[in-house]
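Hello,

Here is the structure I promised to pass on to you. Have a look at it first, and then read my notes below.

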Amino acid sequence: MRHLKLNPPQLTLQDAERATALFGVQGTVRELYSERDQNFLVTAGGESQFVLKIATVEDQTGEVELQLAALKHVREVNPQLPIPVIRHSESGEEYLEFTTAAGVTHLAFMVSFLPGVLIEDSPINGDLLYDHGRMIARLGQALSGLFHPSAGRELLWDIRQLPKLKQFCDRAPSREHRLILSRTIDSFSSETLPNLKVCRAQIIHGDANGHNVLVDVTQPHRVAGIIDFGDLYHGPLLNDLAVAITDVLMSRSRDRSEVQAIIRGYNETVPLQPVEIGLLFDCLTARLALTALISLYRRTELPTRLDYNHIYEAPSVAWLDELHSLGREEVTGWVREACGVRDDKAIKVKGPARDLLSRRQRLMNPRMQLFYDAPLHIVRGEGVWLFDATGRRYLDVYNNVPHVGHCHPKVVEAITRQVSTLNTNTRYLGEQVVALAERLGEHLPGDLKVCAFVNSGSEANDLAWRMAKAFSGHTGGLLMESAYHGITDAIDAFSPAERRIPREDHHIETLTAPDRYRGPYKTDCPDTARRYASDADRAIARLAARGVKPAAFLVDSTFLTNGVLEAPRGYLDAVFKKVHAAGGLCIADEVQAGFGRMGNFMWGHQTYGVFPDIVTIGKPAGNGHPIGVVITRMEIMDALLDQTSFFSTFGGNNVSCAAGLAVLDIIKEEGLIENSGRVGAYLKNALRNLMHRHEIIGDVRGHGLVIGVELVTDQISQQPARNETRWVVNALCRRGILIGSEGPHGCVLKIRPPIVFNVKHADMVIENLDEVLNECREQMSS
Ligand code: PMP
């Protein structure tokens, strides 16, 4: 951190001339810009030019020695690399102590001056950027065998120091600016830093920015020099590539092809490892946040100092913002493409599917997510099977909407019959909607009987939220961290899981997820239920401090987007009590958990023995036909209707209700709740057994047929194995097994099939997963 406070040497030109003479050079001197030390351009006779470098008093001798050792080492290993050459002093030393006229002693050394134009000031083109990437890689290669004890120093410009700068986020000129910086730091601290530890590390240049890379004036597509070895340190090799990209493209158009040109040049010289490919996005965002924060600090702390860093604050934040809105997936896709890697054995999108993909991308936006690296064109479904356009069969271990199986004949029949008879709305009397309300009410206790019909889970949650506010008279919302509850604007505030840009809602507080694998209180900690639940006290108090009282706590009992959790017994009950005591309602979002998904009970919240005030359902309710329902007490529905009338055009239409009734019949007739519990327990047990053979499996958890398998780099450090997870999901797809990934770190395999899944299907999953995990181990270590 000492580098934040600048205290550069203050040699006069006369001092510099005297120092120059000690290196046997007579010439004119001119000061050059430098951040921490002092540099002078020395022009001697015969056009020869040198740079006299003066280190700060605080600089250790070791750091100067490190620079000199690196210059010598690179020259020895690869004499072709255009770097400065050391000039010895008259008395044969590489550096010497020099005392100014004012009596201050510094270290001085001299190197040759390299001709060329700063890349910052040159027009760029693809070839130049390619050469730039290549040159940085070659320099890294040349430095790889160097050891020097001073390289272990802590340098502020090392991205690993980013978390230390969090304190300066508050100085950002706007709220958006502050949020984007703090969000970048948080995700860097929790996800990137641990993963960086397994990346290649060595002594690196550390600062290949636009001022330290020179372009050949006669050949504008070639890099002519790399200068300034003052920021060398031992750190992730990947950092040099990140700096090469961010700093050189900072004030340019920085489009995909430019970023890719640098990566291509680098990768063709030093191939990136899979883990590095996965982390480059994080290193780019970290470097931009670091630049912005150092600039911000200097601008606010030392406003009068001439510091070129100031001008990078705005473009750093602008680019950071762009990268976040492109998203990790997209940018990592660029990196993968530039490195020429798709998943090794990926099925290429061929023939008509390729045409369909390009039409879709043109008409729906290429960023609309598709599952799998080689997207599937699915044309038919039956039970637990999906079939693609080529007739290939896939086991569906993922989709929960076709709850009783794809195209269940009874649902098809019910829908067909109804759609050919009548389909209208709830402003007429109709048998189906009332029957569905009655049947849903039979599965819920007490006076949870009154239904409002909508079309999706999002709408159900939105309406439930309005009811809770109307009934309680409060305005605050409580939810789980990393939750997802839907797409409306009000519910987006309850859905941090899907958000690319952070939002700060005055009325919202999130609760620490009861994650006993990764959270603050682990399985071996006593009393986890009480400890996690006490976070609700904190959240309620924080709302109160802002003058807000809770209207509702919204919770999904599968804790799906938290990575599928098993909350400790008593946890939800304790939170419900605290919310009720604060005058709020508890909403059980059964969009994922409902209809027997978690086994043994119809509703997920029953697994935890709690009594919500409102229940919302969606997805599986119509087996693919859109239905959303809010089920509550009459007095709560009344509170809403006191404020507004309510009508949804399609909500409760005859056809959707016919589908809903058929789903309830099938669940009962086929004993599917019991099936979900039994097959789920079998599958979970078999997955647990796999843990003995695969160190990558950190945890297996879930209830019934919603199971999460958390993948980690190893069971001791428990670092999220995000790349491996993605690899495994794609490899299983290639074998005809469709599963997904989930969780805040993207490292939980999500198993959530139609609940007609049986033991044979479970065995197929186990067999294939076992083999794929073996392949994954080989793949990642090669
Ligand atoms: N709640 C939960 C728990 C969900 O998982 C989802 C969808 N993934 C929703 C609500 C939103 O449902 P829909 O997409 O039907 O609006």
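**What I found**

The structure holds seven cavities of 30 Å³ or more; a cavity here is a set of points, on a 1 Å grid over the protein atoms alone, where a 1.4 Å probe fits but cannot get out. Before going on, please note that this is a predicted model, in which local features need pLDDT of at least 70 and side-chain atom pairs count only at pLDDT 80 or more, while totals for chains, interfaces and linings use all residues. Residues are numbered from 1 along each chain as its sequence is written, and side-chain values use heavy atoms, with hydrogens and water left out.

The second largest cavity has about 60 Å³ of space, a volume being the space filled by probe spheres set on grid points joined across faces, edges and corners. Its lining residues (those with an atom within 4 Å of a point) include M480, Y484, F559 and T561.

T561 is worth a visit. You will find T561 in the loop between β18 (550-556) and α16 (571-581); helices (H or I, at least four residues) and strands (E, at least two) are DSSP runs, numbered from the N terminus. T561 counts as buried because its relative accessibility is 12%, and buried means under 20% relative accessible area, with exposed over 50% and partly exposed in between (1.4 Å probe, protein chains only). A polar atom of the T561 side chain lies 2.7 Å from the backbone oxygen of S482. Leaving out residues up to four places away in sequence, T561 touches S482, A483, Y484, A497, E742, G743 and P744 (contact means heavy atoms within 4.5 Å).

Next, the second largest pocket, where a pocket is an open set with protein on both sides within 12 Å along at least five of seven lines. The space in this pocket is about 850 Å³. It has 41 lining residues, and Y33, H211, N212, I227 and D228 are the closest to its centre. Strand β6 gives the largest share of the lining, three residues. The pocket lies between domain 1 (13-112) and domain 2 (117-338), because both give residues to its lining; the domain bounds come from an automatic or database domain assignment.

Finally, look at helix α9 (residues 328-338), whose buried residues include V331, W334 and V335. The buried residues of α9 pack against α4 (175-196), α6 (256-269), α7 (274-301), α8 (313-326) and α22 (722-734). Just after α9, G340 has a positive phi of about 70°.

Enjoy exploring!

Methods: A polar contact is a pair of N or O atoms within 3.5 Å; within protein, one must be able to donate a hydrogen and the other to accept it, and residues adjacent in sequence count only if both atoms are side-chain atoms.
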